[in-house]
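This note sets out points for a colleague to check against the coordinates. Please read each one with the structure open.

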Amino acid sequence: MRDERLRWLAVVRHGQSTGNVIAEHAERDGLETIDIPERDADVPLSDTGRDQAAAVGQWLTENTPDVAIVSPYLRARQTAEIALGDTGVPVLVDERLRDRELGVLDLLTGRGVQARLPHEAARRRRHGKFYYRPPGGESWADVLLRLRALLREVREDHPDGRVVLFAHDATVLMVRYLAENLSEAELMAVAAGTAVANCSVSTWRRAGGMLVPDLFNHVEHLHHEGATPTRQENVNAEPS
């Protein structure tokens, strides 16, 4: 991002959720569906996720933001509440930070998509992860449209500010795409080689009129505070 007004930007993925745990077990056991009782917006943190969020709170004592902007999904809001505690940092909830919507792929494992929606698996392979939009859902490009709008407002509303976003794994990757002016191919290479950790921290700082990368998928604070690092994928699997 050139002509950058922000002084510092951080993105924190939410802590491990109960949905992450259920999804991991479903994939491991070769199931076709992910039996999560709540709607995606209402999936809470697991006990491990709460410990991870507390560890982020310790990291934030030395990296205090001016404002936090949070996904409305419960797991992200709980992460922010625990991490920020009584710091007094203003918190804004913005629906543009919500997780990517997967439409007909919702609650299916990779095996489930192949077995129940093979035409969608084939369509995704044809269009690629960046542009594939499942029926009723969003492509990565769709999510980028709302993130572009959000970040434009953040830069205008918080000049010279230190801003932290609490959101989801895809958000981390897509903010990196925007902040570092990556190409589709470069983003896909990063995504293929990266499992974004729960409660990882990724940061960019202003230098020479633009944001430059500082930390990416950083989890040392988890180790330091004795919280177990976890790297579960989003609760809804996609065909590879």
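This is a predicted model: local features need pLDDT of at least 70, side-chain atom pairs count only at pLDDT 80 or more; totals for chains, interfaces and linings use all residues.

1. **Sheet order.** Six strands form an open sheet in the order β3-β2-β4-β1-β5-β6, and their pairing is mixed. The edge positions are held by β3 (91-93) and β6 (210-218); each has a single partner strand, so one side of each has no neighbour in the sheet. On average, and with direction ignored, neighbouring strands are turned by 20° against each other.

2. **Parallel pairs around β2.** Strand β2 pairs with β4 in the parallel sense over four bridges, and Ala 68 stands opposite Val 164 of β4. The pairing of β2 with β3 is also parallel and runs over three bridges. Here Ile 69 has Leu 92 in β3 as its bridge partner.

3. **Antiparallel pair.** Strands β1 and β5 run antiparallel and are joined by five bridges. Within this pair, Val 11 has Ser 202 of β5 as its bridge partner. Strands of a sheet pair through backbone hydrogen bonds, in either the parallel or the antiparallel sense.

4. **Faces of β2.** In a regular strand, side chains alternate between the two faces of the sheet. Strand β2 is covered on both faces: Val 67 and Ile 69 are buried on one side, and Ala 68 and Val 70 are buried on the other.

5. **Main nonpolar core.** Which residues have the most contacts inside the largest nonpolar core? They are Leu 9, Val 163 and Leu 165, in a core of 32 residues. Two or more residues each come from β1 (8-13), β2 (67-70), α6 (140-157), β4 (162-167), α7 (169-179) and α8 (184-192). Helix α7 gives the largest share, eight residues.

6. Leaving out residues up to four places away in sequence, Leu 165 touches Leu 9, Ala 10, Val 11, Val 12, Ile 69, Leu 97, Leu 151 and Val 175. Another core, of 23 residues, lies apart from the largest one; Val 56, Ala 68, Ala 76 and Leu 222 are among its members.

7. **Salt bridge Arg 116 to Glu 32.** The whole structure contains 15 salt bridges. In one of them, the closest N and O atoms of Arg 116 and Glu 32 are 2.8 Å apart. This pair links distant parts of the chain, 84 residues apart: Arg 116 belongs to helix α4 (residues 110-116), and Glu 32 to the loop between α1 (18-28) and α2 (47-60). Arg 116 is partly exposed at 48% relative accessibility, and Glu 32 is partly exposed at 29%.

8. **Salt bridge Arg 123 to Glu 120.** The side chains of Arg 123 and Glu 120 form a salt bridge with an N to O distance of 3.0 Å. Why are Arg 123 and Glu 120 separated by about one helical turn? The reason is that they lie three residues apart in helix α5 (residues 118-127). Arg 123 is partly exposed, with 29% relative accessibility, whereas Glu 120 is buried, with a relative accessible area of 6%.

9. **Salt bridge Asp 160 to Arg 206.** A salt bridge joins Asp 160 and Arg 206, whose closest N and O atoms are 2.6 Å apart. Asp 160 lies in the loop between α6 and β4 and Arg 206 in strand β5 (residues 201-207), so that this pair links distant parts of the chain, 46 residues apart. The relative accessibility of Asp 160 is 39%, which counts as partly exposed; Arg 206 is partly exposed at 33%.

10. **Thr 194.** This residue lies in the loop between α8 and β5. Is Thr 194 buried or exposed? Its relative accessible area is 17%, and because buried means under 20%, Thr 194 counts as buried. A polar atom of the Thr 194 side chain lies 2.7 Å from the backbone oxygen of Val 190. Beyond its neighbours within four places in sequence, Thr 194 is in contact with Phe 216 and Asn 217.

Terms used:
Residues are numbered from 1 along each chain as its sequence is written. Side-chain values use heavy atoms; hydrogens and water are left out. A nonpolar core is a set of buried Ala, Val, Leu, Ile, Met, Phe, Trp, Tyr and Cys residues joined through side-chain atoms within 4.5 Å. Buried means under 20% relative accessible area, exposed over 50%, partly exposed in between (1.4 Å probe, protein chains only). Contact means heavy atoms within 4.5 Å. A salt bridge is a side-chain nitrogen of Lys or Arg within 4 Å of a carboxyl oxygen of Asp or Glu. Two strands pair if DSSP finds at least two bridges between them. Axes are lines fitted to C-alpha atoms, for helices over the stretch in contact, and angles run from 0 to 180 degrees between N-to-C directions. A polar contact is a pair of N or O atoms within 3.5 Å; within protein, one must be able to donate a hydrogen and the other to accept it, and residues adjacent in sequence count only if both atoms are side-chain atoms.
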